[in-house]
Amino acid sequence: MRRSQPREVLLEELRKLKSHPRGDELYHLMRQKLPRLSLGTVYRNLDLFRRQGMVLELGCGDFNRYDGDTSPHSHFFCRGCGRSPRS
């Protein structure tokens, strides 16, 4: 995988978070550090990280959340509101 500043910052920030953000949430967070970042870049890199086993993609109904912690651990969310206990 080729190195790039957006890719490195994206993975670093995702690994810091415990909230399991959606791609668009991560995009808005990242825009504070990289104002020229596009939403497409975020999703392309999340897909690349997922395929490389660097992040987990968590299906949550109509959207996906992403987890930078790939160690074995549980995930759950409320069926009523769709939120996880930490979000």
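Colleague: What share of the contacts in the protein chain with a separation of 6 or more comes from residues 24 or more positions apart?

Modeller: In this predicted model, such residues account for 44% of those contacts.

Colleague: Which elements does the protein chain hold, and how do they run from the N terminus on?

Modeller: There are three helices and two strands, running α-α-α-β-β.

Colleague: Why is helix 1 called roughly perpendicular to helix 3?

Modeller: The axes of helix 1 (residues 5-16) and helix 3 (residues 39-51) cross at roughly 70°. Angles of 65 to 115 degrees count as roughly perpendicular, so helix 1 is placed in that class relative to helix 3. The two axes come within 10 Å, and the crossing is right-handed.

Colleague: Which residues make the contact?

Modeller: Helix 1 supplies R7, L10, L11 and L14, while helix 3 supplies V42, N45, L46, L48 and F49. By class, the contact has seven nonpolar residues, one polar and one charged.

Colleague: Why is H20 counted as buried?

Modeller: Its relative accessibility is 11%. Buried means under 20%, so H20 counts as buried. Across the 87 residues of the protein chain, buried residues make up 33%.

Colleague: Where is H20 found?

Modeller: H20 lies in the loop between helix 1 and helix 2 (23-31).

Colleague: What makes the pairing of the H20 side chain with the D67 side chain a polar contact?

Modeller: The two side chains make that contact at 2.9 Å. The cut-off for a pair of N or O atoms is within 3.5 Å, with one able to donate a hydrogen and the other to accept it.

Conventions. Residues numbered from 1 in each chain as written. Predicted model: local features only at pLDDT ≥ 70, side-chain atom pairs only at ≥ 80, totals over all residues. Heavy atoms only, no water. Axes fitted to C-alpha atoms, helices over the stretch in contact; angles between N-to-C directions. Helix = DSSP H or I, 4+ residues; strand = E, 2+ residues; numbered from the N terminus. Parallel < 35°, antiparallel > 145°, perpendicular 65-115°, else oblique. Left-handed = near helix turned anticlockwise from the far one by under 90°. Contact = heavy atoms within 4.5 Å. Nonpolar A, V, L, I, M, F, W, Y, C, P; charged D, E, K, R; others polar. Buried < 20%, exposed > 50% of the residue type's maximum accessible area, 1.4 Å probe, protein only.
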